[in-house]
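Let's take a walk through a protein model together. Have the sequence and the 3D view open, and follow along as we go.

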Amino acid sequence: LTKPVELPQGTLEMLVLKAVSLGPLHGYGILLRIQQISGERLEILQGSFYTAVYRLERRGWIKGEWGESENNRRARFYSLTAAGTRQLRSETEKWNDMTAVVAGILAKKADEV
Amino acid sequence: MNFSGLIRKLWQSRLPRTSRDVEEEFQFTLESYQNDLMDQGVPEEEARRKARIDLGQLAGQNETYRRVMGLRVLDELSGDVRYGFRGLRRNPGFATVAMLSLALGIGATTAMFSLIYAVLLHPFPYADAGRVMNLFYLDEERPDAINFVSLSKPQFDLLSQAPPVDSVLGFRPAEMEITGGALPEDVLGMYLTENAASFLGVRPLLGRNIERSDAENGGHSVVVLNYQFWLRRFGGDPHVVGQTLEINHAPYTVIGVMPRNFAFNDFAVGDVYLLMPAAGASILEYLPWIKLKPNVTRAAANSALEPLVREFSKEKSGRLPEHWHLALQPIIWTFQQEVGRTLKLLLGGVLLLLMIGCANCSILLLARGRARHHELAIRKAIGASRWRIVRQLLVEAMVISCTGAVLGVAASYWLAKLPLLLAPKSFPAESVIRINAPVLAFSVAVALLCGLLFGLVPALRLSRRDSAPMFTARNTGVTSAVAGHRWSFLITAQVALTLLLMATAGTAIQSFVELLRAPLGYDPANVMQVGIRLHFRVPAEWDRVQSREARMTYIEQIRDKIATVPGVSQIGTGTFATPPYSGNEYPVEIDRTVNGEQPKARIIMVDQRYFVALGIPQLQGRAWDQDENNRGDFIAVVNQAFAAKYLSQSAALGRRLRISGLTPRNRFQVTSQQSTAWRQIIGVVGDARNDGLEHPVLPAIYLPYTSVMDSYAQFFVRTQGDPQTYLQTIRAAIASVAPDQQVGNGGLAGTFTLNEALQRAPQYSAQRLLSILFSVFSAMALALALVGIFSLVAYSVAQRTVEFGVRMALGAPRRHVLFVAARIALASTAIGIVIGLAAESYLGAVLSRWMQNTFAVRSLFAAAVLLGVSALLACLLPARHAVQVSPSEALRYE
């Protein structure tokens, strides 16, 4: 059994960007994709999800357009803008740097300090 | 819809997505999730529930969207505003006092600002009015007098071409008659040079202004009407342009009407504007308004133009003093000199009033806040942040201040007119008081600032964490006395400011009373000036009085006839002899002059009965007799100031003097045969005001009015009782001698009582204005401060019911309880009075210089006593409730 993971603040937005970068998705599709990629370990529902989507759209990192869903219904599809692509790249770099530093510190044993 | 609702609507229209759009998207997500759950075997009802639990309600989604888009603050604000209004409705007494406190302050401040805006910042309708200068020069011997330079036509043309000058407008006022009707009507004509339209740049209400084309081919007979004249004479006829107006028996075509705010100019407002005549222009005098080129400083213009004016002064000898320099002044300058200081003082006064009003609101909010501790504690308990509570309290304060501002702006519309009514001559005729954009912006800014000012202290205090225990201590009625100390500084400040205002009012009143009591040197009561203007424009009538003898006979005839009116006790005659401003200044030669200084004196033309009629005492010698009056030459009477300055007092009589400037100054004047010859001083009279109320009496020489006769005459009629009631009989008396002779309306040949002339003096009206307005301000301030003290004591008594009950039950004497209840307010009032006294004795010196009067210690202490006594009453009235608390009832609260 896998334990659900709580996200640090602000990382949900990064995940949404990542999900959208793989191809245009509607809101529910983004949810599904994040859960699918994370192996169902993330609890991202609880209303905070759309807050992240609206915020990203407001900043111009993703762009929403009405289209048709797989079951032929009107749905709003989000895709990454150029600014969003840049943002995702820098966020990823920052995240990797930070986790590497933190992980390195945490991996230290008493005699190595 | 309310204001914040409007803002919300506007903001909403800028949102990229509509609420329907947001909801549709969310609806799709909800349904997709629900369908997935049902695919996994969850029953439909269960799936719908789980979807809403995990994702949220459809209705809440728009709120989320709006919060992300930054709209929620506005939503909350409008909630606070509505809550604030509701709170005010629930406490009408509190709301009324708070709003009126502010309305007084904001109304008075707005009124004063609109006045300052209209008078000092933007008084003139003319184009580039800031660059338009009066050609003043400064007499180094009398630096406080205003001196104009007037020019002949060639000089005017030279000045127009001077390098720093953009253009020059020449004008000359002239008394005229509208003829062609039953009786001629006196009007003031204003001649303007042909560049008037382009120079002034004011769009006429109807037709056009005087333009260059009017001067072509020797000039056309055209006339432009003043707005008030147009209303008076033509009843505001919109088709007046093109009609003919007969002025001085010559037809003029009306070409335009100027708008209401055009009142050219401050020398005298013209009724009709005419083209400056070209014929004989070289001897006529032009008064110039000089428009400097942009970016030319006044200093540069002064030094560039001074050589030119020095050249001019050589051409007309004797008019300029020996030591002078050019001092161009913007056209607003004379008004700034006269009223600028007064207005600044008044603005200071209303700002004090506003601060007192704000302090009052703070006290009321704090007092109400204590009653609201319970509500605020609950808000905090369920998670309101401190910032959220401060914001709510501030918004409530803003609601009060904005409502107060609306009332205040409405009131200021009338308040601003008060100074204009009280001192009409002190303000430019053009300045129209109105509520315009800058004034509105000012009052909105003041309202917001006030809300912040008086709302912040209570908001910060009431939102403090440590007030949470109040939740539990509710209604016990025991409050630490320390809590009361925290507001008492507001009372102290209020009292100190009020004392400052009251002391200023006292000083103003005292200066005004001193002005009223200052010796005038004459007795203005029951004396009326009746002026007549001779019909010099009608050649046939003018011929009758053109010679000196004929004119003298005519004037004496009318004088004798007025003297027969029953109730007229004395009557004197003169020209330009009306105090407190009388006489023209001339250089004088005196025999056996010891020092080299050129003596100068006001020459006042009167008859021998003038002194008796005005009650000017004869100190030495005698007045002249009728024969000497008819001859006009060889004799003179001087005032005491002249004798003291230029003659050794004992030997004044019999000395001789000569005024070589006593020659005809215009074609209407006639002089006696030897008006410039030596004259013997036959009498010395007391000093009667001749240079206004604020200046000392100038040396003056009284001469028989027949020495230099003008085209008008003034009769000074002393009557038994109010002279106004004799006006009809006097008119009839004049008509019985000369049926076509009218009695003058205004100006030198006007008809008015000497008391009216006195009240028109600028110093008089300014002092009256200051004392009335400051009395009003300080009365308002006193009322506000008393309300503040009253509410502080009343609230603290209400809060401490139990304490007083216990004190009474334990046998405390009533006097002691009363003292305990009023203690804090009394102490802070006393401190306030002390601070106020200290501040006033520091400021007093500055103020008294500004108000041109001595610092009034007496009025300061009178104000302090009045304030102290009324503050004591305001404390004791509500404190009485403390001793009326019945112990058993008070203890039942426990």
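Predicted model: local features only at pLDDT ≥ 70, side-chain atom pairs only at ≥ 80, totals over all residues.

Residues are numbered from 1 along each chain as its sequence is written, chains are lettered from A and ligands numbered from 1 in the order in which they are written, and side-chain values use heavy atoms, with hydrogens and water left out.

Chain A has four helices and three strands. Helices here are DSSP runs of H or I with at least four residues, strands are runs of E with at least two, and both are numbered from the N terminus. Of the 113 residues in chain A, 36% are buried, and buried means under 20% relative accessible area, using a 1.4 Å probe and protein chains only. The accessible surface of chain A is about 7,200 Å², with 53% of that belonging to carbon and sulfur atoms; such areas come from the Shrake-Rupley method with a 1.4 Å probe, and for residues only the protein chains shown count as cover.

Now zoom in on helix 1 of chain A, residues 11-21. Eight of its eleven residues are buried, so helix 1 is largely enclosed by the rest of the structure. Among them are Leu12(A), Met14(A), Val16(A) and Leu17(A), and also Glu13(A). What do the buried residues of helix 1 of chain A pack against? Their partners are strand 1 (25-26), helix 2 (27-37), helix 3 (48-58), strand 2 (62-68), strand 3 (74-80) and helix 4 (82-107) of chain A. Contact, by the way, means heavy atoms within 4.5 Å. After helix 1 of chain A comes Gly23(A), which has a positive phi near 145 degrees.

Next, the sheet. Strands of a sheet pair through backbone hydrogen bonds, either parallel or antiparallel. In chain A, three strands form an open sheet in the order 1-3-2, with antiparallel pairing. Strand 1 and strand 2 of chain A are the edges, each pairing on one side only. Two strands count as paired if DSSP finds at least two bridges between them, and two bridges join strand 1 of chain A to strand 3 of chain A. There, His26(A) stands opposite Phe77(A) in strand 3 of chain A. Helix 3 of chain A packs on this sheet, touching strand 2 and strand 3 of chain A, and its direction makes about 110 degrees with that of strand 2 of chain A. Angles like this run from 0 to 180 degrees between N-to-C directions, and axes are lines fitted to C-alpha atoms, for helices over the stretch in contact.

On to chain B, with 28 helices and 27 strands. Buried residues make up 53% of its 894 residues. One open sheet of chain B has three strands in the order 3-2-12, paired antiparallel. Strand 3 (147-148) and strand 12 (324-326) of chain B are its edge strands. Two bridges link strand 2 (residues 136-139) of chain B to strand 3 of chain B, and Phe136(B) stands opposite Phe148(B).

Finally, find helix 12 (residues 373-381) and helix 13 (residues 386-415) of chain B, which pack at about 145 degrees with their axes 10 Å apart. The residues in contact include Leu376(B) of helix 12 and Leu393(B) of helix 13.

Conventions
Buried < 20%, exposed > 50% of the residue type's maximum accessible area, 1.4 Å probe, protein only.
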